[in-house]
Amino acid sequence: MESTTLNTNSLAFIALCNEYCMAIENARESSRDEFVASMLRLLPRIYIAATDLRVSTLTDDEDAYLESALDEDYYESVRRSVENLMGADDMYLEVFEDDMKYSDTPIAASVSEALADLFQVMYNFVETIKDAPQSKIEVALVAIKDDFINYWSRLLCNVMRPLNHLGYIADEDEY
């Protein structure tokens, strides 16, 4: 892989991942409405920045994956704090689940679990690149872009629907 300086899109993506991690880690200090508004501002920007990532192609001897830096206890702590904040609004019906086409019953999903799963991806990424040389940062960008395409882009889109409902549509239902 050739070494170049990180472009503006990569730097913006890194900053957004860091901002998302901080927002999730500080969820218990927010009100539900502030937290939902924060997620509705951050998640679309992260999606766009991940879509716009232009990453290098790895050579055959390089392996693009992110080391796991998040332990299970911290993951569960983060998930529970978001779950407590969301309360009864944590669960929603998932219509884009692959198993849905084979099921007669709705499939429930959890906002807190989806946000914690996204947190895990971004936390691992941020921890991997912290104080890393540029070559390792570039490999981590390749890995997170690949994970975005194959996994967490769908997760991010799916959790936007219930957050959007809470942030905008639920208020209209009161009128």
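Predicted model: local features only at pLDDT ≥ 70, side-chain atom pairs only at ≥ 80, totals over all residues.

Tutor: Residues are numbered from 1 along each chain as its sequence is written, and side-chain values use heavy atoms, with hydrogens and water left out.

Student: Where is Ser112 placed, and is Ser112 buried or exposed?

Tutor: Helices are DSSP runs of H or I with at least four residues, strands are E runs of at least two, and both are numbered from the N terminus; Ser112 lies in helix H4, residues 111-129. Buried means under 20% relative accessible area, exposed over 50% and partly exposed in between, with a 1.4 Å probe and protein chains only, and Ser112, at 0%, is buried.

Student: Which residues is Ser112 in contact with, beyond its neighbours within four places in sequence?

Tutor: Contact means heavy atoms within 4.5 Å, and with those neighbours left aside Ser112 is in contact with Arg79, Val82, Glu83 and Asp90. Asp90 itself sits in the loop between helix H3 (72-86) and strand E1 (91-94), and its side chain reaches the backbone nitrogen of Ser112 at 2.7 Å.

Student: How many residues does helix H2 have, and what span does it reach?

Tutor: The expected span is 1.5 Å times one less than the number of residues; H2 (residues 32-51) has 20 residues and reaches 28 Å from its first C-alpha to its last, close to the 28 Å expected. Its buried residues include Phe35, Leu42 and Ile46.

Terms used. Polar contact = N/O pair within 3.5 Å; in protein donor to acceptor, adjacent residues only side chain to side chain.
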